[in-house]
Amino acid sequence: FIWYETDISGPQTGCEIILQQVRDRALIFIDGVCQGVAERWGTDFVTVDVPATGAKLGILVENMGRINYGSQMKDVKGITEGVKAGSRLYNQFLFDWTIRCLPLNDLSGLRYGKVADADFAGMADDGSPAFYKGTFRVDEAADTFLNTEGWTKGVAFVNGFHLGRYWEKGPHRTLYVPGPILKPGDNEIVLFELHGTKAPVVTLQDVPDIG
């Protein structure tokens, strides 16, 4: 993941934030509130209202893997050309970006707060990325499968090991959890969820669901 941030002037009503050649999927925020998604294979803009005082524009871009065949093998990631704001007929590029890489190869610095189950009601698809952490007990380590039903889209880690991506679109509904990464006693699971969850629960099961 990579985070882009800059200031956008106002007032602007019905302003289109246009991402040129985004690679591959981006959540677009105005003053910390998600306004929508731009995708490499679909819509490349969102429409927002900017107040007279201006706003902070943030864009969280996800790398979803590289093309490994044909004429598109040079598949760089991020916002590869630029971001424009305005109308389709009249717009201009935005500058003065602050850019932060989010490699997620070390999650030890994260700090978590407790959230009551009731606070999760209606959170699915609300466009609020967050890290969720829980624990589960193991009596004897063995291969298992993580079922993320009820979650929307994100990446999963067990004991710091990156299992992979999940997405409610499927086709697979489970991620493989190799037995050697587990240990007797408490084990840690972390999900970086991009859009919210219907309930803070995952299931470990003994059979895969690959769609």
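This is a short tour of a predicted protein model, stop by stop, with something to select at each one.

**Before you start**

Residues are numbered from 1 along each chain as its sequence is written, and side-chain values use heavy atoms, with hydrogens and water left out. Because the model is predicted, local features need pLDDT of at least 70 and side-chain atom pairs count only at pLDDT 80 or more, while totals for chains, interfaces and linings use all residues.

**Stop 1: the whole protein**

Begin with everything selected and a cartoon view. You will find 16 strands and zero helices. Both are DSSP runs numbered from the N terminus, where a helix is H or I with at least four residues and a strand is E with at least two. Along the principal axes, the C-alpha atoms fill a box of roughly 60 × 45 × 30 Å.

Now try a surface view. The protein exposes about 12000 Å², and carbon and sulfur atoms supply 52% of that area. Accessible areas come from the Shrake-Rupley method with a 1.4 Å probe, and for residues only the protein chains shown count as cover. Of the 211 residues, 40% are buried. Here, buried means under 20% relative accessible area, exposed means over 50%, and partly exposed is in between (1.4 Å probe, protein chains only).

How much of the contact count comes from residues 24 or more positions apart? Among contacts with a separation of 6 or more, such pairs account for 75%. A contact means heavy atoms within 4.5 Å.

Colour by charge next. There are 20 positive and 27 negative side chains, and the centres of the two sets lie 5 Å apart. Lys and Arg count as positive and Asp and Glu as negative, with His and the chain ends not counted. Each charge is placed at NZ of Lys, CZ of Arg, CG of Asp or CD of Glu.

**Stop 2: salt bridges**

A salt bridge is a side-chain nitrogen of Lys or Arg within 4 Å of a carboxyl oxygen of Asp or Glu. By this rule the model has eleven of them.

Select Arg40 and Asp24, whose side chains meet in a salt bridge at 2.7 Å, N to O. Arg40 sits in the loop between strand 4 (33–39) and strand 5 (45–50), and Asp24 in the loop between strand 2 (12–23) and strand 3 (25–30), so this pair ties together parts that are 16 residues apart in sequence.

Asp75 is buried, with 5% relative accessibility. Shared partners join Arg23, Asp24, Arg40, Asp75 and Lys77 into one network of salt bridges.

Then move to Lys153 and Glu62, which form a salt bridge at 2.7 Å, N to O. Lys153 belongs to strand 12 (residues 153–158) and Glu62 to strand 6 (residues 55–62), so the pair ties together parts that are 91 residues apart in sequence. Lys153 is buried, at 2% relative accessible area, and Glu62 is buried too, at 3%.

**Stop 3**

Select Asn147 in strand 11 (residues 144–147). Asn147 is buried, with a relative accessible area of 13%. Which side chain does the side chain of Asn147 meet in a polar contact? Look for Gln205, at 3.0 Å. A polar contact is a pair of N or O atoms within 3.5 Å; within protein, one must be able to donate a hydrogen and the other to accept it, and residues adjacent in sequence count only if both atoms are side-chain atoms. Beyond its neighbours within four places in sequence, Asn147 touches Arg173, Thr174, Val202, Thr203 and Gln205.

Thr174 is your next selection, in strand 14 (residues 174–177). Thr174 is buried at 7% relative accessibility. A polar atom of its side chain lies 2.9 Å from the backbone nitrogen of Asp209. With neighbours within four places left aside, the contacts of Thr174 include Phe145, Leu146, Pro208 and Asp209.

**Stop 4: the loop between strands 10 and 11**

Finish at Ala142, in the loop between strand 10 (130–138) and strand 11. Ala142 is partly exposed at 42% relative accessibility.
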